[in-house]
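Here is a short walk through one structure. Take a look at the sequence and the model before reading on.

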Amino acid sequence: MLYGGRLYFLLSLILSLLPGARADVAILGRVVDENGVAVAGARVAIAGFPPVRSDPTGRFTWNTPSPGEYLVSADQEGFFALKNQRIRVGEGENELTLVLNHQREFVEQVDVVYSPPAIDPEQPAAQQKLTGIEILEVPFAAAHDLRNALPMFQGVIQDTRGDIHVQGGAADQTYWTLDGFNITDPVNGRFDARLSIDAVRSLDLQTTRFAAETGKGSAGSVDLKTGMGDDRFRFSATNFVPGLEHHKNFVLTKWTPRATVSGPIRRGRTWFSNGFDTYYDLNVIDELPRGQDRTSSWRVGDVIRGQVNLQPGNILTGSFLLNYLTAPRNGLDYFSPLETTVDHRQRFYLYSVKDQVYFGSGGLLEFGFALSRGFRREIPQGQQTYIFSPEGRSGNYFVDSKLSSGREQWLANIYLPAFEGAGRHEIKGGTDVTRSGFTQFVDRHDYEVRREDMSLARLVSFAGPNEFSRRNFETALYLQDHWTPREGVSVEAGLRADWDQLVRDPLVSPRFAIALAPRWLGATKLSAGIGIFRDALNLRTLSQHLDQRSISYFYGRDGSPTAGPLETYFLVDDRRLRAPAYRNLSLGAERPLGGGFYGRVNFVNKHGRRGFTFLPMAPSNGHNRFGLFNARNDRYHAIDFTVRRTFHRQYEFLAGYTRSSARSDAVLDFSLEDPLFAQQAGGPLRWDAPHRFQTWGWAPLPAPPGWPALFRNFSVAYWLETRSGFPFRVVNEEAQLVGPPNSRRLPAFFSLNLHLERRFTLLHQQWAWRAGFNNITNHKNPNVVNNNIDSPGFLTYAGGQHRALTVRLRFLGKT
């Protein structure tokens, strides 16, 4: 910490001595959206002069040598660009307000320009953004689920379970927020909430070099921003016609109707937006016999958001998110027949409110509160003994559980007015207080591990309390300075302090990043950063000792007992644990490549120390104990290359390649539900994908001259992804690990989704009809495997997305 402070002081001194230009201030400007909310980071350009950027309160200043008329333009990714607005500048100080309108799916004007992704020379953080338009246009599989769009980001992987991994991190190592509030599951730290993709305005990802204000998440942070209405009522609907697929015959497999409505409550002051979606899914496993090959589920979600401008500088927003899921016979796959499934029910809701107060001097103060509650229920199909065997699973699943969880979050942030002192300083500070917890009831019955000849190898029963709770209280403080000592140089230094009632360590996390874009580099930006990052504590891991214990009996092939009883249980001593820490080092470069293309390269080296892992302890008197220790070390390094272009004012193209390695010296996750017997060992993480290439985009399809109007207004959209197969472990017929963990891999993944869309007018309304194929090459991309080396079906692969015809119909509104 002392070294970092000296470095910052020395850099301040050196850069402050460099000469810089000085001019009289002529314009005091502010950039806001259509609802009066500040637009931070907007690029404001006045013809003939270098562009400037708006600060977090939307303000900017511009120095002009003389009064007169000027043409001003402004743009920011996710907004329609403002082009060549004529302004008159008089003597002295002039006030100017520029309004940028958010991009929408349908606009009335023909001459609109989408703000292309651009290089921000003052932003050191490695940031990526997906706008709502991009999410709707790019054809990703199961397009009702927002999580399936996230691999469009470079550095983001979705594993075979559907979990999202950012920059090699586990699913609980990313900080997920909804309009600034924590939306992760309070128990396991994952992003499990759902909301309509039509309600999403943008997804903002930060992977490295992000500031101290960003909460706990060593892998990165994702903020889901939802839309808001404006002074016009709008309504749209999508996929109100069910879809058909061919699985042995034609069946109604998916129905994903969505509807959004937004508009004013009081024009110019109060607005609302509402996004509703529901999802019916019929999951058909082609490898299973007819009558036992399908299961269905229903999911309903709704997000409503409102804004009222109490005063021109006082904005109050509130939102409510609701999720409901019922999934009978959940978990069906090739190796898990219907009798092994569970009836899954889930509810989740989140309330939030935020008040923002802007000051005339350029400062901003905001307060917020959010409350979330969750409920999850899993009911097996019966009480028959569950069986693990080399050929798969049978019987009824052995865990009947009910879990209730909740979180309350209070936050406050202050942006001080920018000031000059050896350059320009933008200082921000804040606090975050969170209370979370859960209560679980669980009832387990016996399960068996059987060999290939179906002889009993192990019988496992359970004992101990079946109800327990766990609570946590967390606080955080941060302070950061965005310092611009001169044009082309930006430094961001920050300090974050965290504390929680479980580990009780006072955690200090310094972060430092710099961006260099001097004129002699042309339009190139170089950036670098280093910092200490933390993760939120996983309450599931820290409550294992409160759960039941298993009792195992071992048998020979002739049925005679060979060992047991052996009690297996977990030990957690909060007083001896320390909070894990990750040191992230990163370098980046961005520049225009010519022809409207932008290129970016980013290198990340991440080292995690003192991670939590359960280690087998010395056995004693029939006890198999697993203790939680700070004994895990993770390493991730990656380099990714990205090329991107916006053309014809609104169409997109992106291509990117990532070379990475995600490894740990403790990759096994021991639990009561996993029959694995092994010593903890290192290897690749189960989501490690050393090579990944993707490209996506959409473009117009011009009709040949003389063709009828029916063949006009078409566009084509695609997404191609190929990567290394994920690793998996190998076990034998007695559920013992064979060889190093994750020593084999699934086959390489390849998928091409190709869709055509036509927009047309019917009854004075705008419509868009789309049809296309997901995995058009029908490449086999299995996501399950028989990993039992003693099974005749060893290395039998199954599952995955087959070629599927998808159709989408959208109602966009009046012409």
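Is Arg-329 buried, partly exposed or exposed? With a relative accessible area of 41%, Arg-329 is partly exposed, because that class lies between the 20% limit for buried and the 50% limit for exposed. Bear in mind that this model is predicted.

Arg-329 sits in strand β21, which covers residues 314–330. Its backbone deserves a look. Phi of Arg-329 is near 60 degrees, a positive value in a residue other than glycine. Most residues other than glycine have a negative phi.

Now move along to strand β38, residues 597–616. Arg-610 is found there. Phi of Arg-610 is also positive, near 60 degrees, and this residue is not glycine either. What about its surroundings? Arg-610 has 18% relative accessibility, so it counts as buried. The cut-off for buried is under 20%.

The peptide bond from Gly-564 to Pro-565 is cis, with omega near 0 degrees. Most peptide bonds are trans.

Finally, turn to strand β1, residues 25–32, where Val-32 lies. Val-32 counts as buried because its relative accessibility is 7%. Val-32 and Leu-98 are 66 residues apart along the chain. Their C-alpha atoms are separated by 6.4 Å.

Terms used
Residues are numbered from 1 along each chain as its sequence is written. This is a predicted model: local features need pLDDT of at least 70, side-chain atom pairs count only at pLDDT 80 or more; totals for chains, interfaces and linings use all residues. Side-chain values use heavy atoms; hydrogens and water are left out. Helices (H or I, at least four residues) and strands (E, at least two) are DSSP runs, numbered from the N terminus. Buried means under 20% relative accessible area, exposed over 50%, partly exposed in between (1.4 Å probe, protein chains only).
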